[in-house]
Amino acid sequence: METMPCHNQRVGSADAPRQQQQQQAGATDRDQDCSEQAVTGSGVGSGVVSRQLRFSEPGPGGDSPSPDSSSCCSGSGGGGGCSCSGSNGGGPDTAPSPTLDLPAAAAPRLKLLPMNDQIRELQTIIRDRTSSRGDFVFSADRLIRLVVEEGLNQLPYTECTVTTPTGYKYEGVKFEKGNCGVSIMRSGEAMEQGLRDCCRSIRIGKILIQSDEDTQRAKVYYAKFPPDIFRRKVLLMYPILSTGNTVIEAVKVLIEHGVQPNVIILLSLFSTPHGAKSIIQEFPDITILTTEVHPVAPTHFGQKYFGTD
């Protein structure tokens with residue numbers, strides 16, 4: 001069987017017979033080179049697109065690779081005018097590598113959406129300062145919907161059997177009742193419509209938390225929940241986790257109302273390593289669902305989404 005050439009190898013040249021012999025002689029070495037290029041992205045000019053994990057646990061050697069080290073234009077072949085810095089840039093804007101030193105039992109509580117080109121594009125539009133507000137809101141709503149859908153997937157369900165219109169029995173599932181949403185005002189309110197689009201009659205509570213001008217500590221100004229929230233699973237909505245202080249205060253308020261941390265699912269779009277670590281260290285039983293862990297969070301989200309930037 002003829003060996004497939006590497007991605008950067010010329011095919012159909014005048015020396016085809018001699019190249020075929022070289023291919024058969026060194027097939028193993030070239031296959032290994034191709035595999036290494038596909039995984040590590042070595043050989044910048046080879047045309048092989050490098051894609052690293054958005055987040056990884058620190059290895060035994062110390063720091064983890066930066067979750068934003070791959071090019072944000074990887075889906076477009078490197079073209080266009082994107083100015084995002086990658087691991088090969090080496091410039092002053094390159095973000096440091098994030099590390100999360102979490103206990104082994106707490107690490108599974110941080111969940112990331114499986115990365116694909118659609119999510120990567122939405123993240124890029126939201127982070128781009130030149131994006132129009134219409135594009136920003138449209139992309140944010142799409143990303144919110146994906147996070148909400150995955151958040152609902154974390155809720156408990158039971159198996160059930162239904163009868164189809166043709167009379168056959170179908171073994172399916174149904175989600176258990178007793179869920180509610182809680183948005184942290186005001187950026188968290190941007191996620192309410194996405195939750196209502198998936199759960200039409202779900203009850204949604206609100207918390208208003210602001211930083212004190214003198215002490216810079218998060219302070220609760222308003223909280224309104226369903227009266228039986230202590231019996232419900234809570235989808236806590238806050239799109240940007242920067243320091244984590246606001247979410248920590250919100251969870252404390254929920255605990256005061258009888259909600260256990262292990263039934264709280266925090267829905268977020270972007271998180272910093274410090275924010276995620278602070279929340280999980282304070283509440284090891286809480287579940288955090290986000291699309292990206294990166295040292296630089298788009299803190300302009302609320303202002304641009306609501307048009308007050």
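**Note on helix packing and aromatic pairs**

1. In helix α7, the buried residues are P273, G275, A276, S278, I279 and I280; buried means under 20% relative accessible area, exposed over 50%, and partly exposed in between (1.4 Å probe, protein chains only). Helices (H or I, at least four residues) and strands (E, at least two) are DSSP runs, numbered from the N terminus. The elements that cover these buried residues of α7 include β1 (110-112), β8 (240-241), α6, β9 (264-267), β10 (270-271) and β11 (287-290), where contact means heavy atoms within 4.5 Å.

2. The model is predicted, so local features need pLDDT of at least 70 and side-chain atom pairs count only at pLDDT 80 or more, while totals for chains, interfaces and linings use all residues. Residues are numbered from 1 along each chain as its sequence is written, and side-chain values use heavy atoms, with hydrogens and water left out.

3. Between I280 and R109 the C-alpha to C-alpha distance is 7.7 Å, although 171 residues separate them in sequence.

4. Helix α6 (residues 245-256) and helix α7 (residues 273-282) have axes that come within 9 Å and cross at roughly 25°. Axes are lines fitted to C-alpha atoms, for helices over the stretch in contact, and angles run from 0 to 180 degrees between N-to-C directions. The angle makes α6 roughly parallel to α7; angles under 35 degrees count as roughly parallel, over 145 as roughly antiparallel, 65 to 115 as roughly perpendicular and the rest as oblique. On the α6 side the contact is made by V247, I248 and K252, and on the α7 side by S278, I279 and E282. By class, this contact has three nonpolar, one polar and two charged residues (Ala, Val, Leu, Ile, Met, Phe, Trp, Tyr, Cys and Pro count as nonpolar, Asp, Glu, Lys and Arg as charged, and the others, Gly among them, as polar).

5. From α3, Q118, I119, L122, Q123, I125 and I126 meet D135, F136, S139, A140, R142, L143 and L146 of α4. Eight nonpolar, three polar and two charged residues make up this contact.

6. The whole structure contains four aromatic pairs; rings of Phe, Tyr and Trp (its six-membered ring) pair if their centres lie within 6.5 Å, and planes under 30 degrees apart count as stacked, over 60 as edge-to-face and the rest as tilted. For F136 and F301 the ring centres are 5.5 Å apart and the planes stand at 55°, so this pair is tilted. Because F136 lies in helix α4 (residues 133-153) and F301 in helix α8 (residues 301-305), the pair ties together parts that are 165 residues apart in sequence. F136 is buried at 0% relative accessibility, and F301 is buried with a relative accessible area of 1%. F136, F301, Y305 and F306 form one aromatic cluster.

7. Another pair joins Y157 and F175, with ring centres 6.2 Å apart and planes at 75°, so it is edge-to-face. Y157 belongs to strand β2 (residues 157-163) and F175 to strand β3 (residues 169-175), 18 residues apart. Y157 is partly exposed, with a relative accessible area of 49%, and F175 is partly exposed at 43%.
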